[in-house]
Amino acid sequence: MATRNNPLFDTATTLGKILLFLGVSAICGVLVAGLLVPAAAVSGSAASGSIDFFDSLPAELKVDPPSQTTRILAADGSEIASVYTENRTKVPLDQISPNMKNAIIAVEDSRFYEHGGVDTTGILRALVATARGNKQGASTITQQYVNNVLNANLAAAGEEDQIKLNGVNKGVGDKLREMKLSIALEKEFTKDQILEGYLNIVFFNRDAYGIEAASRYFFSTTAKDLTLPQAALLAGLVNSPSAFDPITNPEKSKQRRDLVLGLMLNQGKITQAEHDAAVATPVAPEVTQPKQGCAYAASAPYFCDYILHLLENNPAYGADIKDRQRLIYGGGLTITTTLDPNAQATAQEQVNAAAGANPDKWGASMVSVQPGTGKIISMAQNTTFLPGQGFDSQLNFNVDKLDKDGNDLNGMGGAQPGSTMKPFTFAEWLNEGKTMNTVVNAAQRVYPIGFPWRNTCGKVQGAYSTAQKNQGLDAADDLQNAETKWYKPLTVLEGLYNSINTVTFASAAQLDLCGIQKIVDATGLHGGLPSADDPHPKIDMSTLGNLLGSTQTSPLTMASAFATFANDGKYCEPIAITSVVDATGKQLPAQSSSCRDAIKPEVARGVNYALQEVLNRGSGSLIRPRISTTTSFPIGAKTGTSNNNGSTWVVGHTTGLATAAWFGDPLGAQDRAGQNITVNGKFYEGIDGYMIAGPMFSSYMAKIAPAYGTNPFPAPPSNMINGVTTTSPGRTTPQVTQAPVPAPQATRAPATQAPAPAPTSNGNGNNGRGNG
């Protein structure tokens with residue numbers, strides 16, 4: 001309900017001025033009594049009544065730290081980005097220039113060190129001036145601080161509509177409460193503590209809250225190093241930040257600054273010479289515009305955004321998203337992450353170079369995790385986070401769309417992983433006691449309805465059969481390889497390192513699909529796009545297309561799964577945040593490594609053996625990372641390509657680092673074909689995993705992997721390589737024991753050379769037509 005002015009107190013009339021004078025004088029008497037005379041010591045009913053009235057006013061003041069800037073740091077302590085609701089960096093009083101302390105006291109509250117929170121002399125002086133038609137404020141620095149704290153607390157509680165501003169919506173009751181709180185505050189805190197709090201909370205500009213932010217914004221300096229004319233200007237700005245803005249109103253700003261300098265001279269805080277020199281100094285702001293938010297991150301904007309989403313989704317940071325955002329953006333948090341700036345810079349360099357100018361907007365991304373800890377070491381993609389800056393996107397190509405609880409991660413949701421799924425069928429082959437040099441029938445291309453697949457978990461979905469298509473059903477074509485020469489008996493090892501689709505199916509035909517499912521689940525593999533009832537749906541291995549990578553999966557998921565092989569069979573959840581500390585130094589919940597046994601160590605060692613062969617003599621032989629033209633290190637990887645070449649991969653690892661590199665179509669869920677296109681000035685009949693994603697992976701790992709450890713992989717049991725596998729009854733695929741295969745060794749050209757003619761790579765997709 002709107003208030004109405006009482007005509008008796010209309011200050012435009014003489015009577016109103018007199019009554020106002022008497023009324024405020026009475027209030028001052030109450031305040032003086034309350035401030036100077038304890039109630040227990042007062043005698044006389046009038047004095048006691050005054051004290052009772054004063055004591056009935058609220059005296060609570062919740063002095064929480066004001067909203068402060070949150071900093072997101074890399075693992076080495078360097079800043080990735082800062083985020084804030086109010087740009088503020090709190091500093092102690094001894095880190096604020098004496099010039100500033102003297103200037104703000106001179107212009108805002110010259111009796112600051114003399115009064116007890118409310119300056120009754122100042123109130124009477126302001127009253128007389130107002131009665132004479134010259135309106136004058138009387139709030140002390142303590143009162144201003146109280147008002148700022150009250151308003152900050154309202155803002156923190158989401159009650160901005162309740163904020164009280166002097167001269168706008170503050171009534172007599174509000175002013176009395178402010179005075180009472182000021183008096184109570186002075187009994188609890190020292191003058192220097194109050195001055196420090198005031199200088200750290202006061203508003204200077206929408207991009208500068210508190211003296212440190214104001215110093216950096218207006219003069220590109222620190223509060224500690226403010227010169228006399230700079231300090232006087234900022235002190236004068238507090239009264240009306242808009243009217244005295246040195247950028248938009250330099251003349252008014254100078255007049256106000258010089259007024260402050262005059263007051264400092266009159267109060268004996270500076271000499272005449274200092275005054276004259278300061279007055280002669282031009283108003284010359286040197287603005288440093290703060291660039292807050294992940295869009296302005298020094299590096300890794302998408303990783304930064306991923307960090308913020310992880311915290312916003314964490315119930316430990318508040319009951320709901322609004323509470324969490326208030327803490328994250330206003331709590332002055334220091335968030336230390338797992339990011340390695342050197343690895344990040346190298347990854348960014350590689351993804352940026354992948355498509356060059358990129359007029360057709362092809363996507364390139366790369367992410368690395370550390371086996372044994374799950375720490376995300378780098379996360380890069382070839383787009384800009386800031387809209388309108390070239391090829392921009394706010395979607396993170398490396399992560400799922402949602403987290404496991406269904407909260408938004410701002411992720412693309414991944415891409416079809418293609419042949420990078422094949423090692424998991426190979427792992428189950430070894431897990432069931434079969435040997436990698438067993439020969440299977442890679443000529444078999446038809447698996448009709450009724451084929452005796454084994455799945456102890458449930459039914460099998462799908463079939464590869466021309467006959468099924470001829471029955472009028474919407475079925476895939478017969479299973480295909482990229483080259484006809486591979487339709488023949490091959491070892492399971494050959495099938496993996498040359499990425500032969502028919503070998504993967506021939507292998508799976510002798511396995512329990514439920515066993516493959518268990519390995520896929522145990523290594524953390526899941527769909528990157530949510531289903532109707534599951535934000536992280538299973539990759540259902542009873543759907544036969546998933547043997548060849550038909551379900552969209554994120555690069556982070558793939559890198560973490562391959563890290564399981566590097567970690568001797570132990571899977572670690574990916575983590576990005578190692579420490580969160582609030583403005584008071586209190587530790588808040590962060591992430592810690594969470595690892596579990598996923599596959600047998602000997603199985604992981606067998607897979608590592610085979611994945612090294614991919615780079616030694618298989619589909620990735622042209623992209624083996626090398627430190628020099630003659631020096632490499634133990635490393636395994638797998639290439640992958642979707643049916644229409646719209647999604648291409650290389651995923652691999654050393655003992656110390658696992659990386660997923662992806663190149664493809666980020667705009668249409670890989671619907672756009674990567675065929676007969678020109679990328680970075682080069683024509684491709686069809687993009688294969690080794691062609692663009694491959695060099696990204698190779699160059700990055702050559703530079704970064706040695707820092708994380710490139711020890712030799714533990715050898716698998718010898719009988720896993722050279723032993724005899726007993727033929728499974730009821731299977732149509734023959735098995736023959738081959739001669740021993742030599743240990744992995746480099747046999748191809750270094751990865752840093754220009755791509756040679758396509759190696760014998762084969763891959764997959766929904767119907768097994770893609771390239772590896």
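Which residues line the second largest cavity? I will come to that after the ground rules.

This is a predicted model, in which local features need pLDDT of at least 70 and side-chain atom pairs count only at pLDDT 80 or more, while totals for chains, interfaces and linings use all residues. Residues are numbered from 1 along each chain as its sequence is written, and side-chain values use heavy atoms, with hydrogens and water left out.

A cavity here is a set of points, on a 1 Å grid over the protein atoms alone, where a 1.4 Å probe fits but cannot get out; lining residues have an atom within 4 Å of a point. Points are joined across faces, edges and corners, and volume is the space filled by probe spheres set on them. Two cavities reach 30 Å³ or more.

Back to the opening question. The second largest cavity, with about 50 Å³ of space, is lined by Val369, Gln370, Pro371, Gly372, Gly374, Ser560, Ala563, Thr564, Asn567, Lys570 and Cys572. Helix H20 (555-566) and strand E10 (570-572) each give two or more residues to that lining; H20 has the largest share, three residues. Helices (H or I, at least four residues) and strands (E, at least two) are DSSP runs numbered from the N terminus.

Now the largest cavity, at about 60 Å³. Its lining consists of Lys422, Thr425, Phe426, Val492, Gly495, Leu496, Val503, Thr504 and Ser507. Helices H15 (422-431), H17 (492-497) and H18 (501-508) are the elements giving two or more residues.

Methods:
On a 1 Å grid over the protein atoms alone, a cavity is a set of points where a 1.4 Å probe fits but cannot get out, and a pocket is an open set with protein on both sides within 12 Å along at least five of seven lines; lining residues have an atom within 4 Å of a point.
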